[in-house]
Amino acid sequence: MTNQTQTETKAFQAEVKQLLQLMIHSLYSNKEIFLRELVSNASDACDKLRYEALANPSLFENDPELGLRILLDAEAKTITIADNGIGMTKEEAIAHLGTIAKSGTKEFFSALTGDAQKDANLIGQFGVGFYSSFIVADKVTVRSRKAGAPANEGVEWVSAGEGEYTVADIDHPGRGTEVTLHLRAEQEDLLNGWKLREILRKYSDHIALPIRMAQEKWDEDAKAMKPTGEEETVNQASALWARPKSDVTEEEYKAFYQHVAHDYQEPLTWVHAKVEGRQEYTQLLYVPSQAPFDLWDRNARHGIKLYVKRVFIMDDAEQLMPTYMRFVRGVVDVADLPLNVSREILQESKDIEQIRSGCTKRVLGLLEELAENNVEKYTTFWNQFGQLLKEGVGEDQANQARIAKLLRFATTNTDSPEQNVSLTEYVSRMKPGQDKIYYVTAETFQGAKNSPHLEIFRKKGIEVLLLSDRVDEWVVSHLRDFDGKSLQSVAKGGLDLGELEDASEKQARAEAESSAKDLVERLQKALGEKLKEVRVTHRLTDSPACLVADEHDPGANLQRMLKMMGQNAPEIKPILEINPQHPMLKKMELLPNEGGHFDDYASVLFDEALLAEGGQIEDPAGFVRKINRLMLG
Ligand SMILES: Nc1ncnc2c1ncn2[C@@H]1O[C@H](COP(=O)(O)OP(=O)(O)OP(=O)(O)O)[C@@H](O)[C@H]1O
């Protein structure tokens, strides 16, 4: 039955409209990517069909040779990219070509700046996909039919890329999708077989399916290329990862990355290896040069495509990489898995566990090599993905020591927020007699850098790691030691500087402790409820007091973080350490118990110490009142 169709007009989702406008303006100078994107989609559609046909061979409908075709029509001024892949139903066309289903889309668009250059970069991160058609076309027609559906259940989707599109039911005997671009007047130079072949070779040579075009030959009489009536395959049409490394050029690796990662930038680095042994598999794994916009969404798609003997099985095979390596993109092609393997099976498979461990080690090796031989690239990697690697410290106990070597930190050595000091470098600079790696955690870099807990360390020239990423608390709670040296918070426990303190310093401290005994007791009495203990510090040289956590209690920064995350952590009282040499303490020592504002001073001392380490005081108005009372004497 033929379709007497009704055409429905629909509006694009607001973000699609925004994306279209931005893309046309900011990616104009890179217009050739439209072909890469459409070929990539067509190839994915064929992969999907091949996979579904494993369970249901009738989906091939007597047309099992999957492939792409690119057709030029000089008169109509159109280019058509056709595939005989999975196709789309009308509902799918509406959902996939009229909306953006990615999580975080709204947030992404609100981050755009309006500056074409910067936005072009951001859009690259977002992935331009099908909509890049509108860079060169002022009208796009998509005609599609889902594999297995009757011929009269085709759909025609048409849009000028402005605010709306139409959909209509059509007859479409051939399975799959044809995307026809009606070129903008100034894009007619694309109506040239030679030029399109050049673009295809540049961006899409690695596509494993044949891409066919009409063969053309030079016609002497017409002084032009003319179709011969035959078709020819214009790409290599073999799976790139299955080719020997020596056969693949750098350009091909890069182009393939852009296809698998849906990324518009070049990769930072990659590794391509064939693993033999109990498990036989090929891995082609890339590290991107820029983090995708949804990196922090732990549910965002992961980057590994799983193939079994060249047959595409699934995208986003999260079982093949640990979560902290969700930045890795690429392909793993396994020789001995059943083709009908499901996510559930993958989850339980011991073989997959082995492959994941192999891939993880391979990426760690790649990063080690980069850190060793190309500091500039490693710095790029660290700035984009360092925080993920920090997650790995707790997530991947088996590789913890290797990951620890790859970590980079800001330290008091330069006091710059740039994270570029490795633990190995830190250890190499340790003072004679120093047996711990010291760190301070705070909510911000400034908070860490200016922490009063650092005073004695600065005085003695002992380097301290300045930790202010959220994930740092996780790192230090899992990384107990490095190279035999334990990690020690400068704001926790009774600071024991061991051999870093000489005999005269130890003696001076003992004396200070005994002469401040009275003051300590008075403070303890005044502040009793708020604290665990008051004691004499040897952390401070300039500040009057600071708060520290007991050795086995969570630090104040971690407590604040847990609270912010809505976790019901029990209230843990701090220890107040005082610097009896400080004029403020000296003054307090002389105050009488009654009538000399001792309690006000004690309370202000405590609140100041809390503020200095980034905490919030419980009763700000009370604090102000006490300060005022003290100012008035
Ligand atoms: N040739 C095609 N055959 C079948 N479905 C297609 C085809 N082209 C696009 N689609 C569908 O439309 C969706 C949107 O395509 P689009 O290129 O915008 O995004 P994507 O490929 O999912 O991701 P990205 O934006 O990262 O490229 C695809 O996920 C797919 O479901």
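How many of the six residues of strand β14 (residues 329-334) are buried? Six of its six residues are buried, and the strand is described as mostly covered; here, buried means under 20% relative accessible area, exposed means over 50%, and partly exposed lies in between, with a 1.4 Å probe and protein chains only. This is a predicted model, in which local features need pLDDT of at least 70 and side-chain atom pairs count only at pLDDT 80 or more, while totals for chains, interfaces and linings use all residues. Residues are numbered from 1 along each chain as its sequence is written, and side-chain values use heavy atoms, with hydrogens and water left out.

**Confidence of the prediction**

- The protein has a mean pLDDT of 89, and 97% of its residues reach 70 or more; pLDDT is the predictor's confidence in each residue, from 0 to 100.
- For the complex, the predictor gives an ipTM of 0.97 and a pTM of 0.78.

- Helices (H or I, at least four residues) and strands (E, at least two) are DSSP runs, numbered from the N terminus.
- In a regular strand the side chains alternate between the two faces of the sheet.
- From β14, R329, V331 and D333 point one way, whereas G330, V332 and V334 point the other way, and all are buried.
- Two strands pair if DSSP finds at least two bridges between them.
- Strand β11 (residues 281-288) runs antiparallel to β14 and is joined to it by six bridges; L285 stands opposite G330 in β14.
- Strand β12 runs parallel to β14, and six bridges join the two; here K305 stands opposite V331.
- Strand β12 (residues 303-308) also pairs with strand β13 (residues 311-314), in the antiparallel sense and over three bridges.
- Within this pair, V308 has V311 of β13 as its bridge partner.
- The hairpin of β12 and β13 has two residues between the strands, and K309 takes a positive phi near 45° there.

**The nine-stranded sheet**

- An open sheet is formed by nine strands in the order β1-β6-β5-β4-β7-β3-β2-β8-β9, with mixed pairing.
- Its edge strands, β1 (8-11) and β9 (224-233), each pair on one side only.
- From one strand to the next, the twist averages 25°; axes are lines fitted to C-alpha atoms, for helices over the stretch in contact, and angles run from 0 to 180 degrees between N-to-C directions.
- Strands β3 (residues 78-83) and β7 (residues 176-183) pair in the antiparallel sense over six bridges, and A82 has E178 of β7 as its bridge partner.
- Helix α3 (residues 90-98) lies across β1, β4 (137-145), β5 (154-159) and β6 (164-170), and runs at about 160° to β6.
- Helix α7 (residues 193-204) packs on the sheet and touches β2 (68-73), β3, β8 (211-219) and β9; its direction makes about 140° with that of β8.

**A pair of helices**

- Two packed helices are described by the angle between their axes and the distance between the axes.
- The axes of α18 (residues 517-527) and α20 (residues 583-590) come within 10 Å and cross at roughly 85°.
- Helices α18 and α20 are therefore roughly perpendicular to each other; angles under 35 degrees count as roughly parallel, over 145 as roughly antiparallel, 65 to 115 as roughly perpendicular and the rest as oblique.
- L519, R522 and L523 of α18 make the contact with L585, M588 and E589 of α20, where contact means heavy atoms within 4.5 Å.
- By class, this contact has four nonpolar, no polar and two charged residues; Ala, Val, Leu, Ile, Met, Phe, Trp, Tyr, Cys and Pro count as nonpolar, Asp, Glu, Lys and Arg as charged, and the others, Gly among them, as polar.

**Three helix residues**

- D472 is found in helix α16 (residues 472-478) and is buried, with a relative accessible area of 2%.
- Not counting residues up to four places away in sequence, D472 touches K390 and L467.
- K377, in helix α11 (residues 375-395), is partly exposed, with a relative accessible area of 33%.
- K377 and Q400 are 23 residues apart in sequence and 22 Å apart in space, C-alpha to C-alpha.
- R356 lies in helix α10 (residues 350-373) and counts as partly exposed at 28% relative accessibility.
- The C-alpha atoms of R356 and L320 are separated by 4.6 Å, although these residues are 36 apart along the chain.
- Not counting residues up to four places away in sequence, R356 touches Q319, L320, M321 and P322.
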